[in-house]
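Biologist: I'd like to learn how to read a helix in a model. Could you walk me through one, step by step?

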Amino acid sequence: MADRDKGPRKVTSFDVARVAGVSRAAVSRAFTPDASVSPKTREKVFQAAKDLGYRVNYLARSLTNKRSDLVGVVAAGLDNPFRTLQIENLARVLIARNFRPILLPTSQEADTSTVIGQLLHYAVSGVIVTSDAPPTEICEQCAAEGVPIVLINKGNDIPFVDRIISDDRMAGHLAATHLIDSGARKPAVMAAPAISYTARRRSEAFIARCKQLGVEAQLLQVRINDYKSGYDAAANLAASGIDGLFCANDYMACGVVDRVMQGRSRDDAAPLSIIGHDDIPQASWTAYDLTTIRQPCDLQAEQTVDLLMSRMAEPDLTARVEFTPVTLIRRRTA
């Protein structure tokens with residue numbers, strides 16, 4: 001009766017080894033990516049594990065190996081559709097490389113020590129920090145623990161920490177050139193450069209390119225690069241005389257389009273040309289049909305995980321920076 005109260009006994013790797021007719025070490029190798037084990041042995045182990053309902057406890061394994069297969073993905077601004085797309089692509093690449101992503105949401109105002117504690121508690125193999133997430137303290141603490149880190153779209157230059165950066169200077173160049181070639185004579189860029197490295201770089205490049213082409217561009221500063229900021233700031237665009245607008249991201253550009261198109265029919269001439277950045281799924285929706293600068297999340301994810309894995313293999317490499325190329329995608333708004 002006492003045994004029944006304890007419930008069914010948990011299946012262990014010893015059980016799998018007995019049923020498969022192999023050693024426990026062979027079971028461990030069968031479930032370890034790239035480990036040396038024959039296809040026949042692996043098949044026998046997998047079949048025995050399936051029959052018994054056995055699952056590998058990766059967290060327990062990490063306590064033994066001092067390292068798990070987990071990779072922490074630190075992200076903020078999860079309301080932005082681009083962030084969802086970015087995290088999805090990172091997760092797919094990590095899983096394809098035999099890692100398991102663990103998402104740790106944060107913000108500029110969050111207690112960074114909480115995120116650090118979670119990362120170190122799970123003995124992660126590496127950390128990826130996306131734009132808008134505060135990296136400095138995270139990097140310092142993780143580096144002290146020997147945890148490899150890659151930053152995406154962040155300007156922090158930290159020893160032994162690699163970075164992947166979208167080609168923001170090219171983005172600003174493309175947007176300015178297209179707007180002016182399309183007839184804009186009073187262009188502007190809308191961004192929150194004080195809090196965003198990418199917004200600052202895109203804005204600077206846009207204004208510089210406009211100047212090269214003989215046109216003065218304005219900077220329309222907003223508090224945050226989000227939909228509401230774009231929607232609210234667009235209220236004054238008609239009175240300003242601006243005829244070409246580059247938004248630091250598509251999320252904000254969608255807010256601008258919605259505000260500008262209020263009270264207008266779809267057949268009315270657009271009051272100004274609008275270009276976004278990122279090419280989020282919503283940019284191609286009929287309601288927006290937004291001209292934008294594509295930032296390829298799939299390629300960016302591959303670049304990020306490549307750097308992370310090479311950093312795992314050689315922790316003492318000097319810090320590296322790689323750029324993700326961008327492309328102008330032409331649609332109705334410009």
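Biologist: Happy to start with helix H4, residues 39-52: what span should its 14 residues have, and how far apart are its end C-alpha atoms?

Modeller: Keep in mind that this is a predicted model. At 1.5 Å a residue, H4 should span 20 Å, and its end C-alpha atoms are 20 Å apart, which agrees.

Biologist: Which residues of H4 are buried?

Modeller: Let me begin with the general idea. An α-helix has 3.6 residues a turn, so residues three or four places apart point the same way. In this case, Thr41, Val45, Ala48 and Ala49 are the buried residues of H4. They cover an arc of only 100° around the axis, which puts them on the same side of H4.

Biologist: And what covers the buried residues of H4?

Modeller: The cover includes helix H2 (13-20) and helix H3 (24-30).

Biologist: Which exposed residues sit on the face of H4 turned away from its buried side?

Modeller: That face carries Pro39, Lys40, Glu43, Lys50 and Asp51.

Biologist: What follows H4?

Modeller: Glycine 53 does, and its phi is positive, near 75°.

Biologist: Now the wider setting, please. How many helices and strands are there in the protein chain?

Modeller: The chain has 14 helices and twelve strands. Of its 334 residues, 48% count as buried. As for contacts between residues at least 6 apart in sequence, 70% join residues at least 24 apart. The accessible surface of the chain is about 16600 Å², with 51% of that belonging to carbon and sulfur atoms.

How values were computed:
Residues are numbered from 1 along each chain as its sequence is written. This is a predicted model: local features need pLDDT of at least 70, side-chain atom pairs count only at pLDDT 80 or more; totals for chains, interfaces and linings use all residues. Side-chain values use heavy atoms; hydrogens and water are left out. Helices (H or I, at least four residues) and strands (E, at least two) are DSSP runs, numbered from the N terminus. The expected span of a helix is 1.5 Å times one less than its number of residues. Buried means under 20% relative accessible area, exposed over 50%, partly exposed in between (1.4 Å probe, protein chains only). The arc is that of the directions from the helix axis to the C-beta atoms. Contact means heavy atoms within 4.5 Å. Accessible areas come from the Shrake-Rupley method with a 1.4 Å probe; for residues, only the protein chains shown count as cover.
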